[in-house]
Amino acid sequence: MATWTVFATSQPGLAAAIRTLMQQYGPGLGYLATVRSDGGPRVHPVSPVITDEGLFCFIVDSPKRRDLDRDGRYALHSFPPEDSDDEAYLAGHAHPVTDLARITRLAGDLRAEPHVDWRLYEFTIDVAMLARHGRGGATPLATDTTTARPAVQVWRDHAPSVEIVIAASGDSQA
């Protein structure tokens, strides 16, 4: 499990593109998937925080927070842009931040409301994905054979390189 900093240092272009999609509306905006106690998925909109220090999220007392406390696995997907179907996806494990100085600094920098029952989590990254769908979007008409397929970049922690998949040809390069 890599921190955002480790990921961004090893793959600066991919990290910058993912950060841009996550923060396209100003503050971070994404869909957080967690694992319910029965093993099923739960999806919530959240405001992820990406800094040079890491990938974080302030989570209020809620089912998603209880999910993360019980089973830290998560998936985070960007909100769709208004002008394309490009998408970013991160998956890994969420860990409660216990360093009081770090919590205080991030809460102050991000103006987190001090009187709300939130907890700060840092998200480590096992997988990062960026899909560029181009002008045709993610779901072009089935009869349109001229529309280019998405270019997908996938990074996996402990993998030797980024996998680039160009779906038009089905080829994969590493």
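**A close look at H133**

A: Happy to. Let's start with a contact: the side chains of H133 and E87 are joined by a polar contact of 2.7 Å. This is a predicted model, and every distance here is computed from it. The side chain of H133 also reaches the backbone oxygen of D85, at 3.3 Å. As for where H133 sits, look in the loop between β7 (118-132) and β8 (151-156). H133 counts as buried because its relative accessibility is 8%, and the cut-off for buried is under 20%.

The protein chain has 4 helices and 10 strands. From the N terminus on, the order is α-α-β-β-β-β-α-β-β-α-β-β-β-β. Of the 174 residues in the protein chain, 42% are buried. Among contacts with a separation of 6 or more, 63% are between residues 24 or more positions apart. The accessible surface comes to about 9600 Å², and carbon and sulfur atoms account for 55% of that.

Now let's turn to the interior. In soluble globular proteins, nonpolar side chains tend to be buried together. Here, the largest nonpolar core holds 28 residues, and I18 and L90 have the most contacts inside it. Two or more residues come from each of α1 (4-10), α2 (12-22), β4 (54-60), β5 (73-78), β6 (87-96) and β7. Of these elements, α2 gives the largest share, with 6 residues. A second, separate core has 10 residues, F58, I103, A107 and A112 among them.

L90 makes a handy guide to its surroundings. Setting aside neighbours within four places in sequence, L90 is in contact with W4, I18, M22, L55, Y74, A75, L76, I125, V127 and A128.

Side chains of opposite charge can pair when their charged atoms come close.

R36 counts as partly exposed, because its relative accessibility is 30%. D38, with a relative accessible area of 57%, is exposed.

Next comes the pair R65 and D61, a salt bridge whose closest N and O atoms are 3.8 Å apart. R65 is at 5% relative accessibility, so R65 counts as buried. D61 has a relative accessible area of 44% and is therefore partly exposed.

Then look at helix α3 (residues 63-70), where R70 and D67 both lie, 3 residues apart, about one turn of the helix. These two also form a salt bridge, with 3.5 Å between the closest N and O atoms. R70 is partly exposed, given its relative accessible area of 42%, while D67 is buried, at 2%.

Finally, some charged residues join in a group: E53, R102, R105 and E122 are linked in a network of salt bridges.

To return to where we began, H133 lies in the loop between β7 and β8, with its side chain in polar contact with the side chain of E87 and reaching the backbone oxygen of D85.

Key: Residues numbered from 1 in each chain as written. Predicted model: local features only at pLDDT ≥ 70, side-chain atom pairs only at ≥ 80, totals over all residues. Heavy atoms only, no water. Buried < 20%, exposed > 50% of the residue type's maximum accessible area, 1.4 Å probe, protein only. Polar contact = N/O pair within 3.5 Å; in protein donor to acceptor, adjacent residues only side chain to side chain. Core = buried A, V, L, I, M, F, W, Y, C linked by side-chain atoms within 4.5 Å. Contact = heavy atoms within 4.5 Å. Salt bridge = Lys/Arg side-chain N within 4 Å of Asp/Glu carboxyl O. Areas by Shrake-Rupley, 256 points an atom, 1.4 Å probe, with all protein chains shown as cover.
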